[in-house]
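Me: I have just opened this structure and would like to learn how to read it. Could you walk me through some features one at a time?

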Amino acid sequence: NLDYSIDNQSVIKTDGDSCLHIVTFFPIGNHDDRIQRAMDDAIQNGRGRGLDGDLLVNTRINHSHWWIPFIYGQDCISVEGDLVSINK
């Protein structure tokens with residue numbers, strides 16, 4: 001029973017990500033709470049586009065990774081969805 005709609009500008013499409021870099025089998029950076037950090041990034045990106053929301057709905061989470069053997073790699077979590085500002 002959330003009251004939001006695109007017509008009255010209370011929702012905006014947004015996305016965010018959190019990546020872990022791997023150099024010679026050693027991860028660089030914090031690998032804890034990566035989904036939460038990707039969601040926080042998506043919320044901040046949506047706020048940067050003009051909507052003061054704090055709730056993500058219709059969210060999709062993707063996981064991708066690639067690497068060059070024995071040299072470098074990247075493991076990413078990305079989130080895309082709708083940032084919502086609840087009508088009061």
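Me: Let's begin with D75. Which strand holds D75?

Reply: Strands (E, at least two residues) and helices (H or I, at least four) are DSSP runs numbered from the N terminus. D75 belongs to strand β4. Before we go on, this is a predicted model, where local features need pLDDT of at least 70, side-chain atom pairs count only at pLDDT 80 or more, and totals for chains, interfaces and linings use all residues. Residues are numbered from 1 along each chain as its sequence is written, and side-chain values use heavy atoms, with hydrogens and water left out.

Me: Is D75 buried or exposed?

Reply: Buried means under 20% relative accessible area, exposed over 50%, and partly exposed in between (1.4 Å probe, protein chains only). D75 has 14% relative accessibility, so D75 counts as buried.

Me: Which residues does D75 touch?

Reply: Contact means heavy atoms within 4.5 Å. Not counting residues up to four places away in sequence, D75 touches S18, C19, L20, R34, H63, S64 and H65.

Me: How many salt bridges does the structure hold?

Reply: A salt bridge is a side-chain nitrogen of Lys or Arg within 4 Å of a carboxyl oxygen of Asp or Glu. The structure holds 2 of them. In one, the side chains of D75 and R34 meet at 2.8 Å, N to O. That pair links distant parts of the chain, with D75 in strand β4 and R34 in helix α1, 41 residues apart. R34 is also buried, at 12% relative accessibility.

Me: And what is the N to O distance between K13 and D82?

Reply: Their side chains meet in a salt bridge at 3.1 Å. Here K13 in strand β1 (residues 11–23) is linked to D82 in strand β4, 69 residues apart. K13 is exposed, at 57% relative accessible area, whereas D82 is buried, at 9%.

Me: Which residues make up the largest nonpolar core?

Reply: A nonpolar core is a set of buried Ala, Val, Leu, Ile, Met, Phe, Trp, Tyr and Cys residues joined through side-chain atoms within 4.5 Å. The largest one here has 9 residues: I12, A38, A42, I43, L51, L56, I77, V79 and L83. Elements α1 (34–48) and β4 (72–84) each give two or more residues to this core. Its member I12 is in contact with G46, R49, L51, G81, D82 and L83, leaving aside neighbours within four places in sequence.

Me: Thanks! Where does W66 lie?

Reply: W66 is in strand β3 (residues 55–68), and its 40% relative accessibility counts as partly exposed.
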